[in-house]
Amino acid sequence: FLSLNFSDSPPFHMLGNMVAVGVLMAFLLSVMLLPALMTVLPAGRATRSRLSAGPMTAFAHWVVAHRRALLVGNLTVAIFLIALIPTNETNDSPIDQFQRGLQFREDAEFVNQRLTGVTYLNYSLYSGRENGVTNPAYLQTVEDFANWLRSQDRVRHVNAFTDVMKRLNRNMHGDDPAWYRLPRDQALAAQYLLLYEMSLPFGLDLTNQVSFDKAYTKVTINLSKSSANEIIEMDRRAQQWLRENAPESMWTEGASANLMFAHISKRNIASMLVGLCAALVLISAILLLALRSVRIGLISLVPNLIPLGIAFGAWALISGEVGLGIATTMGMTIGIVVDDTVHFLSKYLRARRERGLNPEQAVVYAFETVGIALVGTTVVLSAGFAILMGSLFKISVDLGAMSTLTILLAFLVDFLFLPPLLMYMEKRDEDDKTAAPVAA
């Protein structure tokens with residue numbers, strides 16, 4: 001959970017830190033308070049649970065009997081789904097993050113369908129000097145840029161200062177449509193601008209379109225409903241046009257809340273990949289120390305990583321769009337699913353080291369001792385994250401859905417893939433040890 005601090009979103013930092021502190025407090029209470037309560041509070045005589053000895057024993061023997069088929073089948077499914085991961089697309093639609101029925105979503109959809117839309121981009125174009133916005137060459141470049149924007153897909157409306165200048169030029173020539181063009185003399189354009197400013201009612205000015213020093217003008221474009229990728233692509237093409245058709249002083253980047261959140265989604269993916277790598281290194285080191293076996297520690301990484309890969313592959317079939325909520329689950333879930341693996345491997349190693357059981361018997365012992373406990377923790381964790389799917393905010397819904405899916409897949413991997421893998425690896429090691437003297 002601490003890996004969430006690599007996210008670009010501060011709320012996820014708070015989520016990760018609060019949960020990490022909660023986990024540490026739960027650990028301290030479990031090893032300090034719970035044992036004390038167990039010695040003080042009355043309790044009946046402990047008896048062996050038939051619930052764990054019956055179904056789990058039968059299931060364990062079934063896994064042992066079908067270990068080859070389970071190993072090959074799980075590997076095939078895992079490889080197929082993991083191969084689908086590249087088909088996922090990092091994308092977010094700001095409006096779609098809110099469920100239908102919310103007032104904001106309904107109002108935004110109304111504006112998108114019948115008005116100019118709620119998605120916009122702003123471009124602040126520098127004229128090169130103060131009072132330069134009346135330069136005919138500058139005005140013509142702004143006009144060309146605005147006309148190019150109007151010809152682009154998804155662009156519904158373009159608001160540029162040149163429209164004001166063309167209207168003024170027409171008004172000053174008796175509203176003759178032939179004069180609806182930019183003034184070709186800078187002094188005349190400056191006079192038009194002064195006249196327009198002087199005619200505005202009290203409290204209104206042009207600072208929403210022209211900077212105070214008359215060095216910049218703003219071009220605003222309104223887009224139809226667009227995803228994060230479409231917003232970023234529109235800005236990329238606009239910047240490319242400016243580099244190819246405008247002087248260097250006018251080169252600029254788009255700016256808006258829509259563009260900001262679009263880039264946050266993209267950057268969050270990259271930052272969470274860094275967080276995933278950091279979490280993986282720390283978790284691997286802890287497993288190697290806790291299990292006291294480099295080989296078993298490395299094997300344990302397989303059932304911890306495969307569920308995440310399968311989940312993202314399955315998500316490509318379910319949705320195919322990875323947004324802010326989905327990206328957050330990468331580092332978070334690996335710290336959750338490792339719990340089942342540690343419990344199963346610790347019992348397996350105990351059976352091998354202390355009881356001297358063979359791999360098949362050790363697998364049965366592990367199922368009998370922790371099988372029901374793993375079922376219980378999986379149900380609890382899945383139910384807890386599934387609650388988020390009832391949210392009206394898509395980021396929370398995706399976070400809950402992806403986390404629940406990963407936890408359930410981790411449970412299946414620990415029950416159906418890890419035991420066959422352990423038996424296969426142990427048998428191969430024994431065969432190598434047996435064959436070594438013969439080869440010598």
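**Notes on the sheet, pockets and cavities**

1. Strand S3 and strand S4 (residues 216-223) run antiparallel and are joined by four bridges; strands here are DSSP E runs of at least two residues, helices are H or I runs of at least four, and both are numbered from the N terminus. One of these bridges links Asn-159 to Thr-220 in S4. Please keep in mind that this is a predicted model, where local features need pLDDT of at least 70, side-chain atom pairs count only at pLDDT 80 or more, and totals for chains, interfaces and linings use all residues. Residues are numbered from 1 along each chain as its sequence is written, and side-chain values use heavy atoms, with hydrogens and water left out.

2. Now to the open space. The largest pocket has a volume of about 1,300 Å³. On a 1 Å grid over the protein atoms alone, a pocket is an open set of points with protein on both sides within 12 Å along at least five of seven lines, a cavity is a set where a 1.4 Å probe fits but cannot get out, and lining residues have an atom within 4 Å of a point. Of the 35 lining residues of the largest pocket, Val-23, Gly-335, Ile-336, Val-338 and Asp-339 lie nearest its centre. By class, this lining has 27 nonpolar, seven polar and one charged residues.

3. The second largest pocket, of about 530 Å³, has 27 lining residues, with Gln-97, Phe-261, Leu-324, Phe-393 and Ile-395 nearest its centre. H10 gives the largest share of that lining, six residues.

4. Two cavities reach 30 Å³ or more. Around the largest cavity sit Asn-74, Leu-75, Ala-78, Ile-306, Ile-310, Val-413 and Phe-417, and H4 gives the most, with three residues. The second largest cavity is lined by Ile-336, Val-337, Asp-340, Thr-378, Leu-381, Ile-407 and Ala-410; H12, H13 and H14 each give two or more residues to this lining.

Note on methods: Two strands pair if DSSP finds at least two bridges between them. Grid points are joined across faces, edges and corners, and a volume is the space filled by probe spheres set on the points. Ala, Val, Leu, Ile, Met, Phe, Trp, Tyr, Cys and Pro count as nonpolar, Asp, Glu, Lys and Arg as charged, and the others, Gly among them, as polar.
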